[in-house]
Each structure stands twice: as structure tokens, then as C-alpha cells.
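These entries set out what I looked up, in the order in which I looked. Each entry takes one topic.

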Amino acid sequence: MTSLEYDVVVIGAGPVGENVADRVVRGGLTAAIVERELVGGECSYWACMPTKALLRSASALRAARQVPGAREAVTGNLDAAAVLGRRDSFASHWRDDGQVSWLESAGIALHRGQGRIASARVVEVAGVDGVTTRLTARRAVVVATGSSALLPDIPGLRAAAPWSSREAASAGSVPRRLAIIGGGVVATEMATAFAALGSSVEVLARDGVLPSAEPFAGELVTESLREAGVAVRLGAEAVSVDRDDRGIVHIATVDGERVEADEVLVAIGRTPNTQDIGLDRVGLVPGAWLAVDDTLRVVGGGGWLYAAGDVNRRVLLTHQGKYQARAVGDAIVARSKGEKVEDGRWGRHAATADERAVPQVVFSDPEIASVGLTAAAAETAGLRVRVVDYDLATVAGASLQADGYKGHARMVVDEDRKVIVGFTLAGPDVAELIHAATIAIVGEVPLDRLWHAVPAYPTVSEVWLRLLETYGR
């Protein structure tokens, strides 16, 4: 067995693990990263990048068809093969050479194989060549193994070889009929993408469409999906699944109805990738989410074990995991040098934004962009809030953006502090507008000061002025 020492050992080479390792190396420490699959992780090959590539072509086509002059220039429909080909390029054809090259340039050692914690600060890597390497971390071990799609215990489901988000994102062809179990972000985006590519799509949304978002967001997306020919069945719950000898999937619902499809995508949630990383060796529970403090140090982990990204369940979003990675990397460096750890609210080493300033975009039609708390969540948190709504379609910039523009904006105000704590936009191309709201929430900018942030005219951003006018001075 080969034995090596580094200051920090990171298990998982997705975007989160890469950022942790880069941060500690920039801080003067040495780092090794362990990966059993592709360097770059879920986001690079089966999530963020390939799925948005699947969605972008249809979005561009819709935008052209909503503007006279451009509409007349559109003479055909989507070329599905070309869309899939572009998706393949964004997934680097499922090769990680570029990512491996970046690790080398950053001075980060890569060990391929299954990493398992053997004891305090020790990780053993079972390599694909059968050789085991022991890595000892002088300072810290960071778990950044992410999450996988959750499969519910529906009779017959596993035997039916369902798609998860991975299979949907990397599909080599477009199924004639696609059934989707779930109504959240993945379900909504993949329904949008495959309907545009020509599939007949049926969504079984037991808990509704985008149930965690503001209600108007789910309503607008449901309406749009139905206009695109998607059968959205609100409240429908699958109770059994079967794939027959011809390859056809049969889904029975709790109300006695049956759905037939060529493929079924299950998108109901995620489960942590902690089943086989040696947690039991250090008194933790395999397969469980890892509880952490605000500097991402694992509770009960002896002070040397950290967890960043999906695996700690704080926020299951790539950009938020990378934010955590920057915080944890800097915290490890500070502790190794005996420097003060700034772990107070909004401190350098605290992932405070995870609590109330998380931005998210659902790349559906219309796009849903949000940050902070929904009105319901704010009230549950005990805040005295006022909700301000505005029809986004009545803003001058929106009418220029597209004929028949449909959208909505909501601002949630903490009345005691007179600051925004939540913001949601629904409409075409609103993704690029959300960062202004993120800055307002993180900076806790008083509404009186926001009156002096004058939006350019005519842009969709003028909705900020309209919301403030609706709120009143």
C-alpha cells in the first residue's frame, strides 16, 4: 500500500471539491482530491451545463417567434439531433481531460478511485487498478461527494429501468412518449426540454408544480407546459410501474388511471452520496446527510472533518456549494495558520447566505428566478412582512422584449427593518435580473436607499421602480 501525506484531502472532484482544493492551495497548503467517476462532477456532465444546453435552443426559438420580423424569418422547427450534439459538446462528450488538466495546473493531486475514511484524517483510495493508496491529511478531510437521484419505493419501479436526471440529461435520442414522476425543478425543466424536442410528455405532479416556489410561479409554468402540449396532472401519484416485453412503461396512479410511455423519468428529490465513504469508521452514519456548523465543519466529526455542497443538505445548488467551498477552504487555511476564524453572521468563513439569500433559476418557460424567502417562508420564520406584487408584462421593457409577454414579480419586505427578504420573478429571460435582488438582500439595503437605484429605461429592470412605487414612500 502506498502512503502519501497532504494538508487537505477532498473526497469528490465535482465543482465543490475542486473549489475547496483550489482555495486551500491558494492559501499555501497542499491538497489531494479523490474521484471515482469524472472530474467535474454532476454539474459538468449530467446537470447544470448539459441540461441548460438542452433548453437553450428551444428558448432562443421561442424568443424569435415572439417578435415580429424575426418570427417571419423562422422557417422550421428544432433540429433535435443538433440540440443533442450541442449538449454533448457542453458535457465534453463525457470526457474529463480538460478538468484533469486544470487540476494539474492548479497544483492539486488527483487520485482516482473510491475514497473511504479509514480513521481520523486518513482516507484510503481503492484505485481502478486494484491498488490501494493511503492518504493522510495533516489538517482536514473534506467530504464533497454530492447527491444522487432519489428513487421511491414504488412497486416495479426499479425493475422498469427508470431514467434519473442523469439519463435525461445524457439521452442519446428523444423518446416518443416521456412520463415524469415529480413536479419540481428537474421535472419542470425536462418536461420543457423534451416537449420542445418532440416528445409527448406527461407529468405526474403529486405535490404540484414547483411547490417550493411562490404559487404564481407554478401556475404560470403549468399553464405554459399545457399550452406546449404537456399533460400536467396535478395531485397524481404513481403506485406501481411496469415495463412490458415491448419496452413500454405502464404507470398506475392512486386514482386508478394508467399512463403509458416509452421512458419514465423519476425526479422527486435527492439522496446523499455517503453510503460508502467510511463514515462508520469515525462514528457517523453511512448514507446520512452530514450536519455541519456555519464553517461547514461536521458536527461530531472531531474538528478535522468538513462537508460542503449537496452532502450537507443546506442548499442543493451548485453555485451555493461553490460558495460553501470558498468559505470552508478559507476556514481550513485560517485554522492551519492559527488565524482568527470569522464565523459570525456574514463573516468571511461563514456560509451565511445559505440561510436567507439563496438565488435560484428554473429554466422553464417562463423562467422562474428567485432569491431569499417566499412570502410563506418569511411568515413561518416569524417575520412581519408585506408582499408587493406587480405584473411584469406592463413594464415597457417587457413589451419590447416580446409580443404577448407574460410575467409577474413579487417583493417580500420585512416591515420591521424595511429591507427586502425575498424576491421572485417569472417571465421570459428573467434569469439575468435576479442578481440585483441578491445584492439587495445580502446587503440589507433599506428601501429608502433603493429609491436612488434608478433602473435604465426601457428595460425589464424597471420593475424595481414599479415595485417601490406600489409599496409607497
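Entry 1: What volume does the largest cavity have? I worked from a predicted model, and the volume I found there is about 120 Å³. I then looked up which residues line the largest cavity. They are Arg345, Trp346, Thr352, Glu355, Arg356, Ala357, Arg417, Val419, Ile420, Val421, Ile441 and Glu444. By class, I noted 6 nonpolar, 1 polar and 5 charged residues in this lining. Helix 10 (353–356) and strand 21 each supply at least two of the lining residues, and the largest share, 3 residues, comes from strand 21.

My count of cavities of 30 Å³ or more came to 2. The second largest cavity has a volume of about 30 Å³. I listed its lining as Gly182, Gly183, Ala187, Thr188, Ala191, Val203, Val209 and Leu225. This lining has 5 nonpolar and 3 polar residues, and no charged residues. Helix 7 provides the largest share of the lining of the second largest cavity, with 3 residues.

**Entry 2: the second largest pocket.** Which helix gives the most to the lining of the second largest pocket? I found that helix 8 does, with 5 residues. Helix 3 (48–65), helix 7 (185–197) and helix 8 (215–227) each supply at least two residues. By class, I recorded 11 nonpolar, 5 polar and 6 charged residues in the lining of this pocket.

**Entry 3: peptide bonds and backbone angles.** I kept in mind that most residues other than glycine have a negative phi, and that most peptide bonds are trans. Pro366 belongs to the loop between strand 17 (359–362) and strand 18 (367–372). I also found a cis bond between Tyr457 and Pro458, where omega is about -5°. Pro458 is in the loop between helix 14 (447–450) and helix 15.

I then looked up two residues with positive phi. Ser92, which is not a glycine, has a phi near 55°. Ser92 sits in the loop between helix 4 and helix 5 (97–106) and is partly exposed, at 37% relative accessible area. Lys418, likewise a residue other than glycine, has a phi near 60°. I placed Lys418 in the loop between strand 20 (408–414) and strand 21, and its relative accessibility of 37% counts as partly exposed.

**Entry 4: aromatic rings.** How many aromatic pairs are there? I counted 3. Phe423 and Trp464 form a stacked pair, with 4.5 Å from centre to centre and 15° between the planes. Phe423 is in strand 21 (residues 419–427) and Trp464 in helix 15 (residues 463–471), so this pair ties together parts that are 41 residues apart in sequence.

Arg166 lies over the face of Trp46, 3.6 Å from the ring centre. The charged end of Arg473 sits over the ring of Trp451, at 4.4 Å from its centre.

**Entry 5: two single residues.** I looked up Thr133 and found this residue in strand 6 (residues 132–143). Thr133 counts as buried because its relative accessible area is 14%, which falls under the limit of 20%. Beyond its neighbours within four places in sequence, Thr133 is in contact with Met1, Thr2, Leu4, His111, Val123, Glu124 and Val125.

Ala80 lies in helix 4 (residues 80–90) and is partly exposed, with 23% relative accessibility. Setting aside neighbours within four places in sequence, I found Ala80 in contact with Val174 and Leu197. I also noted that the C-alpha atoms of Ala80 and Ser173 are separated by 8.3 Å, although the two residues are 93 residues apart along the chain.

How values were computed:
Residues numbered from 1 in each chain as written. Predicted model: local features only at pLDDT ≥ 70, side-chain atom pairs only at ≥ 80, totals over all residues. Heavy atoms only, no water. Helix = DSSP H or I, 4+ residues; strand = E, 2+ residues; numbered from the N terminus. Buried < 20%, exposed > 50% of the residue type's maximum accessible area, 1.4 Å probe, protein only. Contact = heavy atoms within 4.5 Å. Phe/Tyr/Trp six-rings, centres within 6.5 Å; stacked < 30°, edge-to-face > 60°. Lys NZ or Arg CZ within 6 Å of the ring centre and 35° of its normal. Nonpolar A, V, L, I, M, F, W, Y, C, P; charged D, E, K, R; others polar. 1 Å grid on protein atoms, 1.4 Å probe; cavity = no way out; pocket = protein on both sides within 12 Å on 5 of 7 lines; lining within 4 Å. Points joined across faces, edges and corners; volume = space filled by probe spheres on them.
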